[in-house]
Amino acid sequence: MRKQIAAANWKMNLTLQQGEKLLDDIIALPHDLKEYQQAVFAVPFPYLAMAQAKISGKGSVFIAAQNCYNKKSGAFTGETSVEMLQSLGISYVVIGHSERREYFNESNQFLAEKVNICLEYHIHPIFCCGEALNIREAGTQNEFVARQLEESLFHLSAEQLQNIVIAYEPIWAIGTGKTATSEQAQEIHAFIRSLFAKKYGEAVAQNLSVLYGGSVKGSNAKELFLQLDVDGGLVGGASLNAEEFNTIITSLK
Ligand code: PGA
């Protein structure tokens, strides 16, 4: 059974004290995760050690970094290596979020290098893809997303692919309050899975978790997550509120 994941993306929000309180509040709420369900918190770099310490011993809760660099170590002032993340016990890294692609010009090739280095250090990439509004309006979202996935992931072996989580996040739905309908989400998630099935076979594709991101809230999570090919969500704004995010966790199927 593939993993169902509710992943919080705090982005560049919250002070250390606010982050600690938010984690404490969410952990204290009842969510009763099943063994194939996970809650993941992608917190800012300075809070990783605090967050990792808070979740220690909680089997279904994991911490993610929001980014990493594509080099192992060296003279790259201000960057964070995957080895550093590994030394903290971090499990996941968000790779290729649309905000990184847009504001920091991260290309598919550059992201492929980040994916490789994550896998080398046994950290799971949460690999983001998704189209902007003009592409959706032109009806070419499938081709666009296929290219992102092919150029960053298709060099991997089937075995490596099992350590990847995909997050489909239409840019027009991120932080806009506009959510893709559950039919739109299901349609493109099924397409994404079919791409992997063609390249790696049906069994590998069926094991791949594909999360939806873009204005997921407590009120729409259940309907989205009920879709056959939607295996949870990557959640920005609504993950900054304990009760709201807990409702999203408890909406996992
Ligand atoms: P949002 O962000 O939930 O605020 O739309 C999602 C994301 O960017 O991961």
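User: Which helix gives the most to the lining of the largest pocket?

Analyst: In this predicted model, helix H4 (residues 98-103) contributes the most to that lining, with three residues. The lining comprises 14 residues, and Lys11, Met12, Gln66, Arg100 and Phe104 lie nearest the centre of the pocket. The volume of the largest pocket is about 410 Å³.

User: How does the lining of the second largest pocket divide?

Analyst: Five of its residues are nonpolar, nine polar and three charged. Among the 17 lining residues, Gly175, Ser215, Gly236, Gly237 and Ala238 lie nearest the centre. Gly counts as polar under the scheme used. The second largest pocket has a volume of about 220 Å³.

User: Why is Phe144 called partly exposed?

Analyst: The relative accessible area of Phe144 is 31%. Buried requires under 20% and exposed over 50%, so Phe144, at 31%, is partly exposed. This residue lies in helix H7. Beyond its neighbours within four places in sequence, Phe144 is in contact with Gly130, Glu131 and Ile135. The C-alpha atoms of Phe144 and Glu131 are separated by 6.7 Å, with the two residues 13 apart along the chain.

User: How do you know that the length of helix H5 agrees with its number of residues?

Analyst: Helix H5 (residues 108-120) has 13 residues, which at 1.5 Å a residue should span 18 Å. The end C-alpha atoms are 19 Å apart, so the two values agree. Just after H5, His122 takes a positive phi of about 60°.

User: Which residues of H5 are buried, and what do they pack against?

Analyst: Asn108, Leu111, Ala112, Lys114, Val115, Ile117, Cys118 and Leu119 are buried. The buried residues of H5 pack against several elements, including H4, strand S5 (124-129) and helix H7 (141-153).

User: What makes a set of residues a nonpolar core, and how many residues has the largest one?

Analyst: The members must be buried residues of the nonpolar core types, joined through side-chain atoms within 4.5 Å. The largest such core has 70 residues, and Ile166 is one of those with the most contacts inside it. Helix H9 (residues 182-200) supplies the largest share of this core, seven residues. A second, separate core of 13 residues includes Ile5, Tyr92, Val94 and Val165.

Technical notes
Residues numbered from 1 in each chain as written. Predicted model: local features only at pLDDT ≥ 70, side-chain atom pairs only at ≥ 80, totals over all residues. Heavy atoms only, no water. Buried < 20%, exposed > 50% of the residue type's maximum accessible area, 1.4 Å probe, protein only. Helix = DSSP H or I, 4+ residues; strand = E, 2+ residues; numbered from the N terminus. 1 Å grid on protein atoms, 1.4 Å probe; cavity = no way out; pocket = protein on both sides within 12 Å on 5 of 7 lines; lining within 4 Å. Points joined across faces, edges and corners; volume = space filled by probe spheres on them. Expected span 1.5 Å × (residues − 1). Contact = heavy atoms within 4.5 Å.
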